[in-house]
Every structure is written in structure tokens, then in C-alpha cells.
Amino acid sequence: MRALSRVLLALPRVVDADMVREAGLPLYEYTPLMHLSEAPGKLMRMSELAAACHLSLSGMTRVVIRLEKRGWVQRAKCTQDGRGWNAVLTEVGLARLEQAWPTHLSSVRRHLVDHFSGQDLTQLTATLRHVATAGQANHS
């Protein structure tokens, strides 16, 4: 289990280093852009985005303000209740994400996927998805 602990600590660090060096975009900025790009309407409540990125709401707010200053994200009042805020991915933000995506993919392949040569990657993906969703269910 120590090996898993080391992977859980090391993988985000090495991917982040690649992202900063090759794409000029740290992982903590890439990740919310990715989640927004996959969300219906390219928007998420700030609290949902924070949970998806494993950040506190205040931490997510700081990241979104930073992204908003670059024109990559906009904040808009929630139409459902008027109390909360949504983060909305802009076209400029989507373009920035698309520019950085190949670096992220290459980094994850190099630091993780390539080490599973000869393994059933479909089964591995299904297992990782199961682990991730079980962890989310336990924290709901």
C-alpha cells in the first residue's frame, strides 16, 4: 500500500510540473476548466466545481477569480435560487483548455498509463472509475 500512497502523492506533482513547463497552465487551473468543459452548458455551481476539484469553496473561489481575470471563466448568479453562483467556461477558456489538453494527456500517459503495458486498460479504467465513484459516494 505504500506504493499506492507514493503514486497518489507523486502523480499530481509530476503532471503539474509537465503542465507548467509545457503548457504554462498549472493543474489547479486546468482541472476546473476540464470539469466545466464536460458539464451541461459548460457551467457548474461553485460548490459543485469545488467538490469536483477537491477544493474548499473559498479555495475554488480564488481559482475562479484568477481564471475570470484571464477571461477563461465568468461567474453568474444561479437562476435556480439566486443565492449561489455558477462558474461558466468561456470560449477563450475552452480554447485554452484545448491548447493544454495534449500536454495533460501526454503527461498522464507517460507517468501512469505507459507503466501498465500488457494490461487490460479497459478493465483498469473501469476499476479506477469504480474506486473514484465509491469514494465520492462515501463523502456525500
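Guide: A residue is buried under 20% relative accessible area, exposed over 50% and partly exposed in between (1.4 Å probe, protein chains only). The model is predicted: local features need pLDDT of at least 70, side-chain atom pairs count only at pLDDT 80 or more, and totals for chains, interfaces and linings use all residues. Residues are numbered from 1 along each chain as its sequence is written, and side-chain values use heavy atoms, leaving out hydrogens and water.

Visitor: Does Arg21 count as buried or exposed?

Guide: The relative accessibility of Arg21 is 56%. Its salt-bridge partner Glu22, with closest N and O atoms 3.4 Å apart, is partly exposed at 43%; a salt bridge is a side-chain nitrogen of Lys or Arg within 4 Å of a carboxyl oxygen of Asp or Glu. Arg21 therefore counts as exposed.

Visitor: How far apart are the end C-alpha atoms of helix H1?

Guide: Helix H1 covers residues 2-23; helices (H or I, at least four residues) and strands (E, at least two) are DSSP runs, numbered from the N terminus. At 1.5 Å a residue, its 22 residues should span 32 Å, where the expected span is 1.5 Å times one less than the number of residues. The end-to-end distance in the model agrees with this, at 31 Å.

Visitor: Which residues are linked in a network of salt bridges?

Guide: A search of the whole structure finds 7 salt bridges. One of them joins Glu68 and Arg75, with closest N and O atoms 2.9 Å apart. The network itself links Asp18, Arg21, Glu22 and Arg110.

Visitor: Which strands stand at the edges of the sheet?

Guide: The 3 strands form an open, antiparallel sheet in the order S1-S3-S2; two strands pair if DSSP finds at least two bridges between them. Each edge strand has a single partner strand, so one side of each is left without a neighbour in the sheet. These edge strands are S1 (43-45) and S2 (73-77).

Visitor: What is the bridge partner of Gln74 in S3?

Guide: Strand S3 comprises residues 85-89 and runs antiparallel to S2. The two strands are joined by 5 bridges. In S3, the residue that partners Gln74 is Val88.
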